Amino acid sequence: MNKRALPNPVFSEVLQHIQQARHKIFSQANTALIDLYWQIGLTISHKVQSQAWGKGVVTELAQYIAHNAPDVKGFSDKNLWRMKQFYETYQADEKLSALAREIHPDIQQTFKDQYLLEFLGLPETHSENDLHTAIRQR
């Protein structure tokens, strides 16, 4: 069989299914992460507004997360403050805040796939099987 011959149309169809599933997985994972960041941002924002929390407490929270869940990445004090900022930027507009967590392109750019890899505890170079295993374990 000539390896340069046109592929079987069914092969292309199967590959398309794989690519669509991968896109769906990343989209759902990104949506879940955005919702998580929203909830964390809301919590921190409310605690800061009530003057109960400041930089020191947020730093303690980041250290607590790192100590108690060492495999969970992406929750440094700097990132926690970004989550607060994210929430405060979009929370005033009820329609926009709901949409922002799902489809807003600026939000998708803010939380790139790297956050997903960090959240799942995957190194930058990982196998497809590693990704599937990490998603199933969450």
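This is a predicted model: local features need pLDDT of at least 70, side-chain atom pairs count only at pLDDT 80 or more; totals for chains, interfaces and linings use all residues.
The expected span of a helix is 1.5 Å times one less than its number of residues.

Residues are numbered from 1 along each chain as its sequence is written, and side-chain values use heavy atoms, with hydrogens and water left out.

Let me begin with the overall fold. The chain holds seven helices and zero strands, where helices (H or I, at least four residues) and strands (E, at least two) are DSSP runs numbered from the N terminus. Read along the sequence, the pattern is α-α-α-α-α-α-α. Of the 138 residues in the chain, 25% are buried; buried means under 20% relative accessible area, exposed over 50%, and partly exposed in between, with a 1.4 Å probe and protein chains only.

I turn now to helix α3. Its 14 residues should span 20 Å at 1.5 Å a residue, and its end C-alpha atoms are 20 Å apart, which agrees. Which residues of α3 are buried? They are N79, L80, M83, K84, F86, Y87 and Y90. Seen down the axis of α3, these buried residues fall within an arc of 155°, so they line one face of the helix; the arc is that of the directions from the helix axis to the C-beta atoms. In general, an α-helix has 3.6 residues a turn, so residues three or four places apart point the same way. The face turned away from the buried side of α3 carries the exposed residues K78, Q85 and T89.

Next, the aromatic contacts. A search of the whole structure finds four aromatic pairs. Rings of Phe, Tyr and Trp (its six-membered ring) pair if their centres lie within 6.5 Å; planes under 30 degrees apart count as stacked, over 60 as edge-to-face and the rest as tilted. One of the pairs is Y37 with F75, edge-to-face, at 6.2 Å centre to centre and 65° between the planes. This pair links distant parts of the chain, 38 residues apart: Y37 lies in helix α1 (residues 9–49), and F75 in the loop between α2 (55–68) and α3 (77–90). Both Y37 and F75 are buried.

W38 and Y87 also form an edge-to-face pair, with 5.0 Å centre to centre and 75° between the planes. Here too distant parts of the chain are linked, W38 in helix α1 and Y87 in helix α3 being 49 residues apart. W38 is buried, as is Y87. Together, W38, F86, Y87 and Y90 form one aromatic cluster.

Finally, some features around α1. The C-alpha atoms of K47 and V57, ten residues apart along the chain, are separated by 9.8 Å. In the loop between α1 and α2 we find Q51, a residue other than glycine with a positive phi near 65°. At 73% relative accessibility, Q51 counts as exposed.
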